[in-house]
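Hello,

Here is the structure we talked about. Please open it alongside these notes.

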Amino acid sequence: MTEKAITTGASGSGARGCLAGVSNPFARGVVRSAWEADVVDVESIHGEAFAALLDLIEERRQGVHGRSILLHGFAGSGKTHLLRRLRLYLESRPDPFIPFIWVWMQTAPGMKWRHLRREVVDNLVRQRVNGESQLEKLLRSAAGEFEHRLERIADRNLQVVLEHLARGRFLRDARAWLLGAPLPDTVAERLGIGQADVDDAAAEDAARRILEELASFIRPTPFVLCLDQLEQLQTFPGDQVGLFAFGELLAALDRIENAIVIGCVQTELARELDRVLMQYVRDRYRPLGLPELRADEVRLLVRARLATEPRIAACRPAGASEFWPIDLEKLRAAAPEPLLLTPRSVLYACAKQFEEARGGSLPEVPLDEFLRAEYEARLGEAREKLSPDSSTMILSDGLPRLLHLGGCEIRREGLPRWLDHELRPGHGGSIGVALAHETAQALWRKLARMHDEWRPEERSLVILIDALHPLSPHARRTRELLEKLEQRGARRLTPSREALAALDALRRLLGDVESGDLTHQGKTPELAAVEDWVRRNVPPALGELLDGFARAEPASRLASALADLLAEKKVLRAAEAAAALRANPEEVERCARENRHHFGLLMGTEPVVFEKTPAGAEA
Amino acid sequence: MEGISTSKAPFDNLLTVQKQAPGFTEDDLARVTEWLGRPGRKSRQRIAREFGWSEKEVLAALRELARRRLIELLTEKPLANEELIRQTASVFRRCYGQDLVKRLIASLVREGVLARLPAKRLLYRPDAPQPLLEALGLKLEVKPPTAAPEDLAERILAKIAELEEAPYVPVIVDKLRPAFPGRSKEEFDRAVVALADLGRVYLVPNRVFTDEEREMLIHDGEGNYYGSVGLRR
């Protein structure tokens, strides 16, 4: 393609002045969602990969169930951009209708199915294509064999809800149920559906079954399911539980006959994935890599972006290349060797050149200041979106991330059902964390199991009841159980709304860095630098929450163990108590002093500790 | 008939090297072998009449059987030239005489399939020298040849190409490094980094690793560690 210069009279400072009023066409480098509008797309970039995605869709449309695709690419290589192109392609060809679903996988591994259910349904109901939601379109196309399709579904509630939606009844509540939101009993009754109090494991299983049944209902229509940023299933880099969850998800979804699964993962995760994923998972997908930009593609990209600002051509000096003010030769030097050249790195380099051409420069914001601004933006969004549905996810995903930064080892596997995480602080000991977000009955059952099975000498216990899931004033038995647990040394923490919003903002900030969606001066900041910033800038509301964990450490376990010992012995010399508890006498004395409402301490030649009765508690 | 094996298993590699001449198959070779084992006068003309082949085709089939016989004999132990010729020709009952076997041996030596040890006038299989070494009372220490640096770079590139699951899906170093056991970490890392500098490969940073893992990763000498490598196209 020849590079014809379009000449004008402007030159030098005239050209700079001319550009001053023109917005930088290279400023926007990140596509955050496949549903974004107004994105400049150069169709020939990643053309081969796009063709491979279309081949996969055609294959499934023909009923051939080959392997799903796992798209690999460096941060900024254009994975989400490519999925957006796929969405537009499917929308432009409405016959046959193939629903498109895009899910950002920032969730805790233990909540992946609930997250997926909510996001799949949200895509189907919220995203409107030609004025109609995808779910409406699916229900309309099923009209001729609606009853027959309902018979494929084993879940009665899903049958009832789909019938309401098809007939335009109780739309808001039916959609809420489909999303997985708990409904008040009166609403459930009006809808004609039953509600079960289930624990986390059962809720995950239920979400998976609903998704499978929904897919079965819409069969034979295939649907595209894009799982973006699968690396976000990791709570922290190196988190193997997250990677196992990744593999489990891909393998399970691939078994759904009409699901066209396209996973996206950063190339930087390749080694961890390769070492952790089991063969049965690898057998279910084939990897597809995004190449680096070729020289001709760089030209196409620059040309396309320049074309979005027609005023640039008018400012072009006489004899200047059509790519003015961009010097393509200088772009070569900006290549991030030995990594691959990505669209994002090209766009950043062009953005810099553009600013220089108009006599300025891209603002060089120090990293700390940049991170603060990014955090504040996310905090504002988090405050607006905070809801009882989201608080559970925030705590499940965000709390381990934050505690990991504090030097805790996090364990989520092989724990009792009433425990969500186990923390091992750097200096030893073990803290169990239970999130109390269930419905009233399920919470009572969880606390009852906790009461029976928890051994204070094995681990401390923290029970989190967040501000959006307060205990009902009528939940007497639940309160009694909680008090008993606290008497034995468990600590109840109530994260405030502000703490939840702050935690959400921080987890999104960290997640964006890990997935490469946060760019500072054209590059993703080093994760270690961002983690360091987070440690130095923990918001006060979160700081209080973390202090609560610190206070739940071995000293409290000792109090609990001492309480159990004195419940039997009533009075003991401190030295004897210490020997029985494998602690030292000074620790026992300190524990008794710090817990005056539970214990008495008589100092003398040989200190004595005793149990305080309710009458003695007032002494 | 004893001595001629048409079984593929011991000779797989050699058989794949030796392309079959047009006109005969493994079944044909088996039939010829069986025919040679029957009583009665034997000649190439009789084989030709019996199988409906031309004499040229008969000769090609017998040559192949003789080749296999030679390799089979030398798999067990090295033999002097005269003994090898005698033991090979004897199974063909004048259909493939000693002169032809002698010429075949010379041809296989030229091809490198067989080799001579002049001092001892022994023939042996150079790809399986153990019987010769035992005969000579020697022990073989296997040492991988030290290739020139250019060879290492090309071999690394070839290995990456072999292991890559798809273009632009990099190969993890845990699979690549063990393919070069005779190379030190520094030598291997230098070769890979040099390939990256030449634009032949791209490197993928490793996000997090333990001290134990550090040995496996590619280090560029400037504090950067890479966990996988891919070919640039």
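In this predicted model, helix H4 (residues 112-126) and helix H10 (residues 200-218) of chain A have axes that come within 7 Å. They cross at roughly 35°, and the crossing of H4(A) and H10(A) is left-handed. On the H4(A) side, the contact is made by Lys112(A), Trp113(A), Arg114(A), Leu116(A), Arg117(A), Val120(A), Val121(A) and Leu124(A). H10(A) brings Asp200(A), Ala203(A), Glu204(A), Ala207(A), Arg208(A), Ile210(A), Leu211(A) and Leu214(A). By class, the residues of this contact are ten nonpolar, six charged and no polar.

Now the interface of chain B and chain A. Here 25 residues of chain B are in contact with 25 residues of chain A. The two chains bury about 2,000 Å² between them, with 55% of it on carbon and sulfur atoms.

One of the salt bridges pairs Arg271(A) with Glu213(B), the closest N and O atoms being 3.5 Å apart. The count of residue pairs in polar contact between chain B and chain A is eight, both residues at pLDDT 80 or more.

On the side of chain B that touches chain A, helix H9 (173-176), strand S5 (201-205) and strand S7 (225-231) each give two or more residues. S5(B) gives the most, with four residues. By class, that side of chain B has 16 nonpolar, three polar and six charged residues.

Best wishes

Note on methods:
Residues numbered from 1 in each chain as written. Chains lettered and ligands numbered in written order. Predicted model: local features only at pLDDT ≥ 70, side-chain atom pairs only at ≥ 80, totals over all residues. Heavy atoms only, no water. Axes fitted to C-alpha atoms, helices over the stretch in contact; angles between N-to-C directions. Left-handed = near helix turned anticlockwise from the far one by under 90°. Contact = heavy atoms within 4.5 Å. Nonpolar A, V, L, I, M, F, W, Y, C, P; charged D, E, K, R; others polar. Buried area = accessible area lost by both parts, 1.4 Å probe. Salt bridge = Lys/Arg side-chain N within 4 Å of Asp/Glu carboxyl O. Polar contact = N/O pair within 3.5 Å; in protein donor to acceptor, adjacent residues only side chain to side chain.
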